[in-house]
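Work through the exercises below with the structure in view, and try each task before reading its solution.

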Amino acid sequence: MNQNERKTVARRMILLIAVACVIMGLYVMRLIFLQLVNGDDFKAKATNTTDYNFTVTAARGDIVDSAGRRIATTTTSYNVVLNKLLMGDRDLDTMLQQIVELLRANGESWNDTLLIGQADAAGNYAFTDDDTSTSDQKQLADMKETLGLQQYATANDVMEMLVEKNDLQDFSPEWQRVLAGIHYEMDRQAFSNVNNFVMAENVSTLAVATIKEHSLQLPGVEIVETSARSYDQSDIIPAVLGRVGKITAEKWKVTDSNGQVTYPLREKGYNMNDVLGISGLESVYEDELRGKDGVKTITRNSDGVIVDTKLTTVPEPGHTVQLTIDSNFQRAVDKALADNIDMINRVYNTGTMKAAAGAVVVLDVKDGSVLAASNYPSYDQNLYAANYSEYSSDPSLPLFNRALQGLYTPGSTFKPAVAVAALDSGLINQYSTVYCNGVYNYFKDYHPRCTRHGHSGNIDVVTAIKWSCNIFFYDVGRRLTSDVYDAYAYKLGLGQRTGVEVGEAVGRLTTKSDSNYTASLDVQAAIGQGNTVVSPIQLATYAATLANNGTRYRTHFVKAILDTNTGEVLSETKPEVMDVIEGTGNTFELVRQGMKQVPSTISGKISSYPVPIACKTGTPQRSETYAPGKHYLNAMMVAYLPADDPQIAIGISIEYGGYGARTGDLVVDIANAYFALKDGSLAQQAEAEKEAEQAQQEDQAQTTDPAQAATGQTTGNAAAQPAQMTPAADTAAPETAAEGEVQPAVQDEQQPAADTEQNPDAIAPEN
């Protein structure tokens, strides 16, 4: 081999070695990348893994007032949650016993809806259901069906099945009942590798600390931070706000008439242990308030080891619902209503008869928004659960939403509707008169009368409204017929839905199709009696429609939906016209003139108020009598102001309040609060009162024995004035026979009301 050939072979050998080195280097780099850089990842991927997704509940949206002050909000609370994935091979029942003991030691309870009590001395069990509760009966039936038992199965049969099913034979009877209840709840919540079990809710921070101290002995037992509904202003329209609650078995599992079972809430993304709105605005705006739940993903390998936990979807809080109500104004109206009822009881109902309850609704005339909706008595939203038994058994019905659900005979507040109908239909004009001699003699066998308070002779429509002349409206109503004036009353907002977002009573008007209809009933209905019943919110809507010259807006509580994070307005409630009465000529102006003159017939602050008020009182009879022919009376009022440029409309009803004129001061107090709201002084006053109250509480805390202070606490006006529950005769002043409720009543002649209390809309007995 010559020199050149040797050089060629050498070059080839070097090239081969270089190529081999490069290849080996690439392999080495790849091995380093696989084993050192991403070794853990590839090891996990090489192992069989499973992802488990768990719901992270989103915070519920706030409900705020028109100024943005929080009424309903969410606060942080802690739940004890069992995660089956993380438990490993620990014995479940032994661990459940440990958790129960820790909860008991801290005064906490756990979720247990099994309607069976502890065993008696003989070892027998009994159901704890309420025989009158439909919910309890359905839960019992579902439980027996789920366990494969007949519906006649006893509590012993159910417990025997649960003990056998969950292998609890070795435990004492007491622990058998405790553990059976927990297992039953686990089944209801579908406890599994992909669904955690909420064992205890809203536990104290002390219980949280105790359980965390024992975390090493309790694998899979987690303290989960969650949100709970609370009310920063628990006295603001609680009946309208409504409630939230856990999903019931009836709502979770729905069986139709054909036996078909569906799970509508599960299909909407809810879990069995979720909370949702169950009444009021909380329910109506559930989809807005709920938010979007997040997802936590836990990854487990084939050996059962948790290899990763991460939040894969961040929860989004629900939207904020903003109301049309200003909480300071609402509270001022609440106080004004309570003060007016107190005044009536002190000044007029000085005997055993007491004004028992009432309601006020205030609307913005321009768009139908509710500015206040007051009920007396009311209740504290934060105390609802703790005081439910007390509230529900109170004969004054503090849980009853009188403002929207209460139905009352309107009395003379109905007369402006008849006037509108007569003027607009052309039956009468501003010069038309009806002669009032105190007795209406059209019928041969029925002669209703008028007190002729402040008037007599030929009466026109303005004077008839001012002095509430019955004869005028008897005659005009008879000639119109209820077919006509009912149609106008309906368009004005009476006897139909106002459009509010929550449930309301519809009420009714007296019609010729009524089973007890007579011609005389038709006449009585023209002065707001007969079978006609309306709600306070309808009265306010009616007053606002009169103020708007026949334009009726949809009444509503919600102003806007806001983005919780940014405050951006997502949607806004626009004024919505529901009906219009065009009004021929000066129809509404003549009615306004009459209503503007009513305050001059009422003693008290309203007669000299500097801002002109248009109003109409009503004094309808209740069905109860305290003497032959002498009926208890409700006090009714509709008003709007300023009369010539209306801004607010008011509807008032006070049960056993006597004459409608007694609510005149209440109208003034509401007007004062409204104007204070507009100029900002109401907010300043509210802040000053809040500071004074806090200072007083701090002072009492320093000077009063805590035990004595506790015995002196009250639970709000729901329990106030128990004497109001049994009304009796009014001994303060002679009562003139007033407006009837269902049928025209024959009453004894009585003396007119005392001069200190004018009663322009009282009804005199028939001859």
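**Exercise 1: two helix pairs**

The axes of helix α6 (residues 155–165) and helix α7 (residues 173–188) come within 10 Å and cross at roughly 80 degrees. This is a predicted model, in which local features need pLDDT of at least 70 and side-chain atom pairs count only at pLDDT 80 or more, while totals for chains, interfaces and linings use all residues. Residues are numbered from 1 along each chain as its sequence is written, and side-chain values use heavy atoms, with hydrogens and water left out.

Task: state how α6 is oriented to α7, and which residues meet.

Solution. In the contact (heavy atoms within 4.5 Å), Met-159, Leu-162, Val-163 and Lys-165 of α6 meet Gln-176, Arg-177, Ala-180 and Asp-187 of α7. Sorted by class, these are 4 nonpolar, 1 polar and 3 charged residues.

Task: describe how the axes of α17 (residues 415–424) and α20 (residues 482–492) cross.

Solution. The two axes come within 8 Å and cross at roughly 115 degrees, which makes α17 roughly perpendicular to α20. Among the residues in contact are Ala-417 and Val-418 of α17, together with Tyr-485 and Leu-492 of α20. By class, this contact has 9 nonpolar, no polar and 1 charged residues.

**Exercise 2: a loop residue**

Task: decide whether Asn-196 is buried or exposed, and find its side-chain partner.

Solution. Asn-196 lies in the loop between α7 and β4 (197–200). Its relative accessible area is 15%, so Asn-196 is buried, a term for values under 20%. The Asn-196 side chain makes a polar contact with the side chain of Asn-83 at 3.5 Å, where such a contact is a pair of N or O atoms within 3.5 Å, one able to donate a hydrogen and the other to accept it.

Conventions. Axes fitted to C-alpha atoms, helices over the stretch in contact; angles between N-to-C directions. Helix = DSSP H or I, 4+ residues; strand = E, 2+ residues; numbered from the N terminus. Parallel < 35°, antiparallel > 145°, perpendicular 65-115°, else oblique. Nonpolar A, V, L, I, M, F, W, Y, C, P; charged D, E, K, R; others polar. Buried < 20%, exposed > 50% of the residue type's maximum accessible area, 1.4 Å probe, protein only.
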